[in-house]
Amino acid sequence: MPIQMTVTPESFPIAGSFTISRGSKTEAKVVTVRLTDGVHVGQGECVPYARYGETVESVVEVLTALVPEVAQGLDRVGLQNRLKPGAARNALDCAFWDLEAKRAGLPVWQLLKLQEPNSLSVTYTLSLGTPASMQAAAEKEAHRPLLKVKLGGEGDVERIRAVRAGAPNSAIIVDANEGWSLEQYKALAPVFLDLGVKLVEQPFPAGDDEALRGLDRVLPVCADESCHDTASLASLRGKYDAVNIKLDKTGGLTEALLMRDAAVEAGFEIMVGCMVGTSLAMAPAFLIGQWAAFVDLDGPLLLARDREPAIAYDGAVMPLPPRGLWG
């Protein structure tokens with residue numbers, strides 16, 4: 001039987017709101033792909049991201065146009081050249097992996113001939129806010145070993161001091177979301193180091209980060225918006241210490257695995273990250289997390305409602321996702 005494909009936009013409420021320097025949102029808008037051969041079902045999820053010119057509508061349109069091609073035999077290998085890296089390819093790529101696993105009666109990690117994955121320790125993200133609100137949020141999450149803090153430029157030192165006061169024993173990584181200047185990095189880096197910050201994500205705008213090449217990066221720098229797929233790694237050498245691998249940027253697990261290998265070979269530390277999505281989006285990224293120094297797969301922890309079955313996070317511990325969910 002030809003593989004039947006359905007594409008469904010879905011929305012999951014966020015617990016409260018999630019704020020970064022680019023704005024706030026109260027729901028996670030995702031696109032879900034389901035594939036079936038009449039017996040087995042594979043599924044994948046993506047989160048379209050406006051920063052990369054994506055919308056739910058555009059991703060649904062791209063994927064829906066592929067329904068006849070999938071029925072005619074387009075497979076995961078052919079998909080890599082059929083769509084460019086991005087959210088649409090991610091959802092379909094991960095759905096293909098899930099369907100392959102269900103058909104084989106094996107988990108994806110065995111299809112890849114990997115060792116059985118270990119549980120992971122994940123970050124917890126604190127939204128951008130006032131120092132007082134961020135201190136209160138840090139106090140609630142002070143039991144977690146690693147907090148990720150969204151920053152906005154003006155007032156960032158006060159924010160980190162507040163987070164440190166609220167969570168005195170947690171390690172901290174910060175996400176500048178392209179919001180700093182070179183002068184701000186030079187001023188903030190030593191202060192942040194003293195406050196226990198381990199890493200800063202994307203301090204400078206993508207495409208305007210050449211200053212990092214000759215910079216004494218006393219606070220290690222991770223590429224996010226500057227880093228998409230394996231092809232982007234060459235331009236990052238000498239500028240970044242780590243790269244953030246997100247499946248919505250790589251276009252799926254297939255490319256993410258290649259990128260992981262290339263990044264390790266090039267000497268980068270690995271962060272695995274996510275958009276705000278459900279457990280279905282986190283499950284394939286869990287495999288990349290096995291090689292990551294920083295695991296930022298807390299999307300479901302920010303939601304008021306997740307999928308069922310869901311990943312059974314235990315505080316900061318992310319266990320192997322259930323096979324009934326994915327993989």
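Modeller: Helices here are DSSP runs of H or I with at least four residues, strands are E runs of at least two, and they are numbered from the N terminus. The model is predicted: local features need pLDDT of at least 70, side-chain atom pairs count only at pLDDT 80 or more, and totals for chains, interfaces and linings use all residues. Residues are numbered from 1 along each chain as its sequence is written, and side-chain values use heavy atoms, with hydrogens and water left out.

Biologist: Let's start with a loop. Where is Asn177 found?

Modeller: Asn177 sits in the loop between β7 (171-175) and α8 (182-194). Its phi is positive, about 50 degrees, although Asn177 is not a glycine. Most residues other than glycine have a negative phi.

Biologist: How do you know whether Asn177 counts as buried or exposed?

Modeller: By relative accessible area with a 1.4 Å probe and protein chains only: under 20% is buried, over 50% is exposed, and in between is partly exposed. Asn177 has 5% relative accessibility, so it counts as buried.

Biologist: And what is the relative accessible area of Gln202?

Modeller: It's 0%, so Gln202 is buried. Gln202 lies in the loop between β8 (197-201) and β9 (221-223), and it too is a non-glycine with a positive phi, about 40 degrees.

Biologist: What makes Lys246 count as buried?

Modeller: Its relative accessibility of 9% puts Lys246 in the buried class. Lys246 is in the loop between β10 (242-245) and α9 (247-250). Beyond its neighbours within four places in sequence, Lys246 is in contact (heavy atoms within 4.5 Å) with Asp224, Gly273, Cys274 and Met275.

Biologist: On to the helices. How do you describe two that pack?

Modeller: Two packed helices are described by the angle between their axes and the distance between the axes. The axes are lines fitted to C-alpha atoms over the stretch in contact, and the angle runs from 0 to 180 degrees between N-to-C directions. Under 35 degrees is roughly parallel, over 145 roughly antiparallel, 65 to 115 roughly perpendicular, and the rest oblique.

Biologist: At what angle do the axes of α10 and α11 cross?

Modeller: The axes of α10 (residues 253-265) and α11 (residues 279-288) cross at roughly 25 degrees and come within 10 Å. That angle makes α10 roughly parallel to α11. Leu253, Ala256 and Leu257 of α10 meet Pro284, Leu287 and Ile288 of α11.

Biologist: What classes of residue does the contact of α10 with α11 have?

Modeller: Six nonpolar, no polar and no charged residues. Ala, Val, Leu, Ile, Met, Phe, Trp, Tyr, Cys and Pro count as nonpolar, Asp, Glu, Lys and Arg as charged, and the others, Gly among them, as polar.

Biologist: How are α4 and α10 placed relative to each other?

Modeller: α4 (residues 87-104) packs with α10 at about 95 degrees, with the axes 8 Å apart. The two helices are therefore roughly perpendicular to each other. Arg89, Asn90, Asp93, Cys94 and Trp97 in α4 meet Leu253, Thr254, Glu255 and Leu257 in α10. This contact has four nonpolar, two polar and three charged residues.

Biologist: How far apart are the end C-alpha atoms of α10?

Modeller: They are 18 Å apart. The expected span is 1.5 Å times one less than the number of residues, and for the 13 residues of α10 that gives 18 Å, which agrees. Just after α10, Gly267 takes a positive phi of about 95 degrees.

Biologist: Is Gly267 buried or exposed?

Modeller: Gly267 counts as exposed because its relative accessibility is 58%.

Biologist: What about α7 and α8: what angle do their axes make?

Modeller: α7 (residues 156-166) and α8 cross at roughly 5 degrees, and their axes come within 11 Å. α7 and α8 are therefore roughly parallel to each other. Asp156, Val157, Ile160 and Arg161 of α7 touch Leu188, Val191 and Phe192 of α8.

Biologist: Why is α7 called mostly covered?

Modeller: Because eight of the 11 residues in α7 are buried, among them Val157, Ile160 and Val163. Their cover includes β6 (146-150), β7, α8 and β8.
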